[in-house]
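Please open the model in your viewer and keep the selection tool at hand. The tour moves from one selection to the next and says what is found at each stop.

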Amino acid sequence: MVEAVLADWRTAPIDPKLRATLGFLEKLTLAPTDVGPADVKPLRAAGVSDEAVEDAIQVCVLFNIYDRLADSLSFHLPGPDGYAASGRSLMKRGYLL
């Protein structure tokens, strides 16, 4: 599933709610000044709650900020082993500290 989504989320076998959310987040990332209230309508039509939209926006914005900071300030990025360890940790405890 992950490989299918990474290859092309538009054709991957995912829930329509997730597909609508990913489309919205793509626009929010690539053309943030073009995003408006009408862009949320397809999410609501797919059954995505306002709370879920807000959560998705917050996560997207934070990742976009971190990515831009990392690029601008040449942050050290871990290799595959570091990302794998981080992933295992997140799977155990989530984002809670």
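Is Ser74 buried or exposed? Ser74 is exposed, with a relative accessible area of 62%, where buried means under 20% relative accessible area, exposed over 50%, and partly exposed in between, with a 1.4 Å probe and protein chains only.

Before going further, note that this is a predicted model, in which local features need pLDDT of at least 70 and side-chain atom pairs count only at pLDDT 80 or more, while totals for chains, interfaces and linings use all residues. Residues are numbered from 1 along each chain as its sequence is written, and side-chain values use heavy atoms, with hydrogens and water left out.

Stay with Ser74, which lies in the loop between helix 4 and helix 5; helices here are DSSP runs of H or I with at least four residues, numbered from the N terminus. The phi of Ser74 is near 55 degrees, a positive value in a residue other than glycine. Most residues other than glycine have a negative phi.

Next select Phe75, also placed in the loop between helix 4 and helix 5, and partly exposed, with a relative accessible area of 43%. Phe75 belongs to a nonpolar surface patch of about 870 Å², together with Val61, Leu62, Ile65, Tyr66, Leu69, Leu73, Leu77 and Tyr83. Such patches are made of residues with over 30% relative accessible area and no salt bridge, nonpolar side chains (Val, Leu, Ile, Met, Phe, Trp, Tyr) being joined within 5 Å and like charges within 9 Å; a salt bridge is a side-chain nitrogen of Lys or Arg within 4 Å of a carboxyl oxygen of Asp or Glu. Helix 4, residues 50-73, gives the most to this patch, with six residues.

Now turn to the largest nonpolar core, whose 10 residues are Ala20, Phe24, Leu25, Leu28, Val40, Leu43, Val48, Val53, Ala56 and Cys60. A core of this kind is a set of buried Ala, Val, Leu, Ile, Met, Phe, Trp, Tyr and Cys residues joined through side-chain atoms within 4.5 Å. The largest share of this core, four residues, comes from helix 2.

Within helix 2, select Thr21, which is buried, with a relative accessible area of 12%. Not counting residues up to four places away in sequence, Thr21 touches Leu43, Val48 and Ala56, contact meaning heavy atoms within 4.5 Å.

Finish at Gly94, which follows helix 5 and has a positive phi, near 70 degrees.

Technical notes: Areas by Shrake-Rupley, 256 points an atom, 1.4 Å probe, with all protein chains shown as cover. Helix = DSSP H or I, 4+ residues; strand = E, 2+ residues; numbered from the N terminus.
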